Amino acid sequence: MKVLHIMHDYKPRIGGSVVRNANMIETYKKNSDDEIYLVNLGGKEYKLRDCIEGIKIYRCRSLAKMIITARNIVLRKDIEILHAHNYRFMFVAFIVKGLCPWRHLKIVTEMHSLYRMKYFKELIAGYLLRKSDAVIVLADSAKLYLSENMGVDRKRITSITNGISKINFKENKNFELYEHLSEKRNNYCIAAYFGTFYAWQGVLFIAQNIQKLLQECPDLYLVMIGDGPDFIQTKELIQKCRYKNRILLSGSIEKEQIFNLYELIDIILIPRLRDLSTDTAIPLKAVEAMEFSKCILAGNDNGLREILNEKNAGLFKSGDIEDFLLVLKKLLADKHLRRKLGQKAKTDSRNLFHSWDKNALQVKRIYEKL
């Protein structure tokens, strides 16, 4: 088979969706002789043509150029399947299919997250999802939502969560953040947020209440690492905090550095706010934290509750600072509890998640059915 993936980001960019896509597509390619092509919107930052792990990558600078490029790839490479990632690129896939009506292209739509749109856009999105030959989601709750609220045939929806694998990384203790946190660990319990700075991820929820958090938890040292549209606002709120000497705010760092920092972190924070996106997605950061046997403090949205419960994590009512503080204080005060929750999370991850190889095999079976 010949497959063209259409998406926003791919390597060398970092982020949860990029990690998932890379793991899924590279594993698929490793176990298959199929030809895999990929078009994305990274043309303003990286070279326009690339090949990573046997996957031929075409980067574009605009959506219009992406449509033209995708159509040309379909015609020149005899593409059989368009695999679109999220709403916007599902639209692109259907436009490309419309430009090549004689090709009988099959469309697989993979929804990494669901979210509200304007009324007419949502109507069109629902129609195109129903017209997709197959739909992949990351959580069972997303499958339920699409079938009950958007009329998508459940038989055409497959839930494929993020996979697990032995995380291999080079041990490195010789970088500034590691040395800094090593010192702080002697006097504080370290809680960390890693990821994109979006309000719905709970970063502003933390930043807006940061004075209260640090005042009521004198043994807490807070780490926030990542980037995104709400990074500047988070930084401004932190700078106003009386206890900013107990806060480390940093832009994005390499994944390998994050993995090295895990051994210094006592609590991983996933304070997502409840909305359609969080209620229908299981974040990769939660999977990784479970794999590292880390104690997790997370909001109780439906997506996280598919994998987390009171036996393997500290859960609080999303958006409720008093409940957040109540659970946080319990975790700060009880090292044994933190260890117990982390160990249970590790055990549960083995039962909840498949390997990337099995995930790639599921995708292969979807293609073959088409």
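Let's start inside the protein: Ser250 is buried, with a relative accessible area of 14%. Here, buried means under 20% relative accessible area, exposed means over 50%, and partly exposed is in between (1.4 Å probe, protein chains only). Ser250 sits in strand β11, residues 247-250. Helices (H or I, at least four residues) and strands (E, at least two) are DSSP runs, numbered from the N terminus. Leaving out residues up to four places away in sequence, Ser250 touches Leu177, Met224, Ile225, Gly226 and Phe231. Contact means heavy atoms within 4.5 Å.

A quick word on what you're looking at. This is a predicted model, where local features need pLDDT of at least 70 and side-chain atom pairs count only at pLDDT 80 or more, while totals for chains, interfaces and linings use all residues. Residues are numbered from 1 along each chain as its sequence is written, and side-chain values use heavy atoms, with hydrogens and water left out.

Now find helix α16, which runs over residues 356-369. Its 14 residues reach 20 Å from the first C-alpha to the last, close to the 20 Å expected at 1.5 Å a residue. That expected span is 1.5 Å times one less than the number of residues in the helix.

Which residues of α16 are buried? They are Trp356, Asn359, Ala360, Val363, Lys364, Ile366 and Tyr367. These residues cover an arc of only 160° around the axis, so they are on the same side of α16. The arc is that of the directions from the helix axis to the C-beta atoms. The spacing makes sense because an α-helix has 3.6 residues a turn, so residues three or four places apart point the same way. On the face turned away from the buried side, you'll find the exposed residues Lys358, Glu368 and Lys369.

## Salt bridges

Side chains of opposite charge can pair when their charged atoms come close. A salt bridge is a side-chain nitrogen of Lys or Arg within 4 Å of a carboxyl oxygen of Asp or Glu. The structure holds 21 salt bridges, and the table lists some of them.

| Pair | N to O distance |
|---|---|
| Lys364 and Asp34 | 3.0 Å |
| Arg116 and Glu122 | 3.7 Å |
| Lys212 and Glu216 | 3.0 Å |

Take the pair Lys364 and Asp34, joined by a salt bridge. Lys364 belongs to helix α16 and Asp34 to the loop between α1 (16-30) and β2 (35-40), so the pair ties together parts that are 330 residues apart in sequence. Both Lys364 and Asp34 are buried.

Arg116, which pairs with Glu122, is exposed, with a relative accessible area of 56%. Glu122 counts as partly exposed at 23% relative accessibility.

Lys212 and Glu216 are four residues apart in helix α8 (residues 210-216), so about one helical turn separates them. Lys212 is partly exposed at 28% relative accessibility, and Glu216 is partly exposed at 32%. Lys212 and Glu216 also belong to a network of salt bridges that links them with Glu322 and Lys329.

## Out on the surface

Tyr119, Phe120 and Leu123 form a nonpolar patch on the surface, with about 390 Å² of accessible area together. Patches are made of residues with over 30% relative accessible area and no salt bridge: like charges are joined within 9 Å, and nonpolar side chains (Val, Leu, Ile, Met, Phe, Trp, Tyr) within 5 Å. Accessible areas come from the Shrake-Rupley method with a 1.4 Å probe, and for residues only the protein chains shown count as cover. Tyr119 is in helix α4, residues 119-131, and counts as exposed at 58% relative accessibility.

Lys311 is exposed too, at 62% relative accessibility. You'll spot Lys311 in the loop between α13 (302-305) and β14 (314-316). Apart from its neighbours within four places in sequence, Lys311 is in contact with Leu341 and Lys344.

Lys11 and Pro12 are joined by a cis peptide bond, with omega about 5°. Pro12 lies in the loop between β1 (2-6) and α1.

Asp78 isn't a glycine, and its phi has a positive value near 55°. Asp78 lies in the loop between α2 (63-77) and β5 (81-85) and is partly exposed at 37% relative accessibility. Asn86 isn't a glycine either, and has a positive phi of about 80°. Asn86 sits in the loop between β5 and α3 (87-99) and counts as buried at 19% relative accessibility.
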